[in-house]
Amino acid sequence: MHKMMEKKGKEIKEELNLSKEQEAEVKKINEAFRKDMEAVREKTEVKNARLDALKQAEEKRKESLRKVLDAQQMQKYEALTDSLKRKGLERIKERRENKRG
């Protein structure tokens, strides 16, 4: 999982043309987000509560990133992450269809 996150992080860094300072801050934000996600997964049993907690963690990360990235970088970041989410959902859908089929 960490290799995939590193790959996405590198892609985001290059796409957003981050300065060294921004790169360091984004790395800290993403590490905090990863820890939040792990805590949610470990402590939250109910699926709906887990989804709500994950959404809150994502919003917290976006708020932190807004303090580090300029408007253009934030727009690119959101477009890139939306694309990555869509691709991930498509892979999940394909796997489910392959299991059924």
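This is a predicted model: local features need pLDDT of at least 70, side-chain atom pairs count only at pLDDT 80 or more; totals for chains, interfaces and linings use all residues.
**Entry 1: Glu15**

I started with glutamate 15, which is partly exposed at a relative accessible area of 44%. For my own notes, buried means under 20% relative accessible area, exposed means over 50%, and partly exposed is in between, using a 1.4 Å probe and protein chains only. Residues are numbered from 1 along each chain as its sequence is written, and side-chain values use heavy atoms, with hydrogens and water left out.

Glutamate 15 sits in helix α1; helices here are DSSP runs of H or I with at least four residues, numbered from the N terminus. Setting aside neighbours within four places in sequence, I found glutamate 15 in contact with Lys76 and Leu80, where contact means heavy atoms within 4.5 Å. I also looked up glutamine 73: its C-alpha is 8.6 Å from that of glutamate 15, though the two are 58 residues apart in sequence.

**Entry 2: Leu80 and the core**

Next I followed leucine 80. Beyond its neighbours within four places in sequence, leucine 80 touches Glu11, Ile12 and Glu15. Leu80 is also one of twelve residues in the largest nonpolar core, including Ile12, Val26, Leu65 and Tyr77. Such a core is a set of buried Ala, Val, Leu, Ile, Met, Phe, Trp, Tyr and Cys residues joined through side-chain atoms within 4.5 Å. Which elements give two or more residues to this core? I noted α1 (2–16), α2 (20–43), α3 and α4, and α4 gives the most, with four residues.

**Entry 3: α3 against α4**

Then I checked how helix α3 (residues 47–68) packs with helix α4 (residues 71–100): their axes come within 11 Å and cross at roughly 150 degrees. Axes are lines fitted to C-alpha atoms over the stretch in contact, with angles from 0 to 180 degrees between N-to-C directions. The two helices are therefore roughly antiparallel, a label for angles over 145 degrees. From α3, Glu58, Arg61, Lys62, Leu65 and Arg66 meet Met74, Tyr77, Glu78 and Lys85 of α4. I sorted the residues of this contact into three nonpolar, no polar and six charged.

**Entry 4: Asn17**

Last, I looked at asparagine 17, in the loop between α1 and α2. Is asparagine 17 buried or exposed? At 64% relative accessibility, it counts as exposed. Its phi is near 55 degrees, a positive value in a residue other than glycine. Most residues other than glycine have a negative phi.

Note on methods:
Angles under 35 degrees count as roughly parallel, over 145 as roughly antiparallel, 65 to 115 as roughly perpendicular and the rest as oblique. Ala, Val, Leu, Ile, Met, Phe, Trp, Tyr, Cys and Pro count as nonpolar, Asp, Glu, Lys and Arg as charged, and the others, Gly among them, as polar.
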